[in-house]
Amino acid sequence: MTNYIKSECYRTLRTKWVYGIAAILSGLILLYHLAVWLLAAFTPDFRYGTASFSYSILVAQPMIYCLAAFLITAVLYEGEHRYGACKNAVAYGISRTSIFLGKCIVSLVTCFAILIPVMAVYIASASLFLSKGGPVTLQDLLMEIPAVSLVAVSALVLGVFVLEAFERNIIGILVWYLILFGIPKVLILLSMKLEFLSSAAFWMPANFFSNDFSPQMVVRMSECSVIWDTPLGMAKCLAAGAIGIFLFGILGILALGKKDI
Amino acid sequence: MKEYVIETKALTKSYGSVLALSQVDIHVERGSIYGLIGDNGAGKSTLLKLLAGHISASSGGILLFGRGEPKELDRCRRQTGVIIEQPGLFPNLTPEQMLEYTRIQKGVPGKEKVEENLKLTGIREKRKSKCKNLSLGQKQRLGLAVAMIGEPQLLILDEPINGLDPSGIIEMRNLFRRLNEEKNITILLSSHILSELQHTADTFGFLHRGRLLEEISSDKLQEKCTNYLNIMVSDAETYAILLEKYAKQDIFKVLPKQNIQIINPGRKPEFYSQLASDHSISIRGLEQRHTSLEEYYMNLKEEA
């Protein structure tokens, strides 16, 4: 598996889109902060020119990290079926489990490699251009990353699985979205009528991270209370992520182990 | 005792109710070039995919280098280079990068292997082009270069000369022979260009509708691909009696439409026309022919 990971890292370093994503995201963030700074400078009583408001965009929507993880995974592996490069690895005797886990690891490393400069730009430009003060602090933003990390990894593992399992990427994307967002939404709506579904619904990240449904997530202009503020809340985030990684990992290993390629 | 690099035992693969491969037993000897012959849909690619581990068998077994346990098979596949259906290239990598990627993946030490394989397969001038900009033939060559990384003992190649121009075909054929003779690499290749296989392979396997019709060495095939004389006469029945009387050593077949086929005729064609005219049988046509590999395969199919 080590050699497979090394070779995939070699390829990833030569994938222009990986650098493109980092550059585009950093650029957009920089532009956004610049635009907000300009608006704040020239518009009286402009309420959004604060670092707190900027941080709240990420803090209020932790699932954005899952989307980012999937996007990066898709950039790396969306063409697998078309190119058939994975066939060479299988024909060379690398086990499908190693290939699956290798892809997860390479995607994860790539995500972190992109996350670090993007977050650095985010925090630096917010500190530089925007005024301080407000309910959402840098600490909330920094603590969000460990809180959401395992959930994002589980979204990534699911992403590797669906891209591998479905010949057509669009079906894989839909299945991924349905599992991470569709089913939780249906469950939470059903739980309003059927009380017994409530606890199951609130173990799903899209629900317990939701500003609309979760009582532990209140991120507004005037206040900020997040699930990872309490040790129990943080434990729940990590536990849900770990369960997701385990479930989707097992699903991937079992389903792809026998799949015809 | 013969040493087989590939051996299958009653290998069967079905997709739902469609039987793609049925009870196939092939035997690929070490150091041989084995040509797999079959029409589209005969099961060639299915068989090669099973050997490469791309798909799993419905029943039956595979032995690679004499080993058949799943984990052992994976280990044995490390001595194998494969191209099936398409060479499996990343479009945005250059051939040089593609080979380096494969070298790292296979854990082959020494970057010079990349250069060696680029040279070996004649793709060196295109080393810096993106794979997506290569022609089909160049992709095939690069695919072979990728398969050759790690100096495999066995190459499994599905239609490897597809898309090559005539000189490319000759170069590739020579390359196969060189690899086989100099490095003792066993090669299993399939092709729909039967005459091409006839020039390259020393053993043949004929697949038809998922079944292996025959496995035969090129020497035996040579014997079977015989000369024959096809004579169209006015009265085939009487002529057959005459042949039995005057040309006892000849083997012949009475075919429809007053045709008689004499296999490996022992005498010159004039003898047979003279025999007919001496007994008032008119000759409507006389043709001396040689059974080609194509015809042999067609006959096999008809018999099946």
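## Basis

In this predicted model, local features need pLDDT of at least 70 and side-chain atom pairs count only at pLDDT 80 or more, while totals for chains, interfaces and linings use all residues. Residues are numbered from 1 along each chain as its sequence is written, chains are lettered from A in the order in which they are written, and side-chain values use heavy atoms, without hydrogens and water.

## Interface of chains A and B

Chain A brings 29 residues to the contact and chain B brings 30 (heavy atoms within 4.5 Å). About 2,600 Å² is buried between the two chains, and carbon and sulfur atoms give 53% of that area. Buried area is the accessible area (1.4 Å probe) that two parts lose on being put together, summed over both. Tyr10(A), Tyr83(A) and Tyr92(A) supply 27% of what chain A buries against chain B, more than any other three residues.

Across the interface, 10 residue pairs are in polar contact, both residues being at pLDDT 80 or more. A polar contact is a pair of N or O atoms within 3.5 Å; within protein, one must be able to donate a hydrogen and the other to accept it, and residues adjacent in sequence count only if both atoms are side-chain atoms. On the side of chain A that touches chain B, the elements giving two or more residues are α1 (2-13), α5 (80-83) and α6 (85-91). Helices are DSSP runs of H or I with at least four residues, numbered from the N terminus. The most comes from α1(A), with seven residues.

## Exposed Leu254(A)

Leu254(A) lies in helix α12 (residues 231-257) of chain A. Its relative accessible area is 63%, so Leu254(A) counts as exposed (over 50%, with a 1.4 Å probe and protein chains only).

Note on methods:
Buried < 20%, exposed > 50% of the residue type's maximum accessible area, 1.4 Å probe, protein only.
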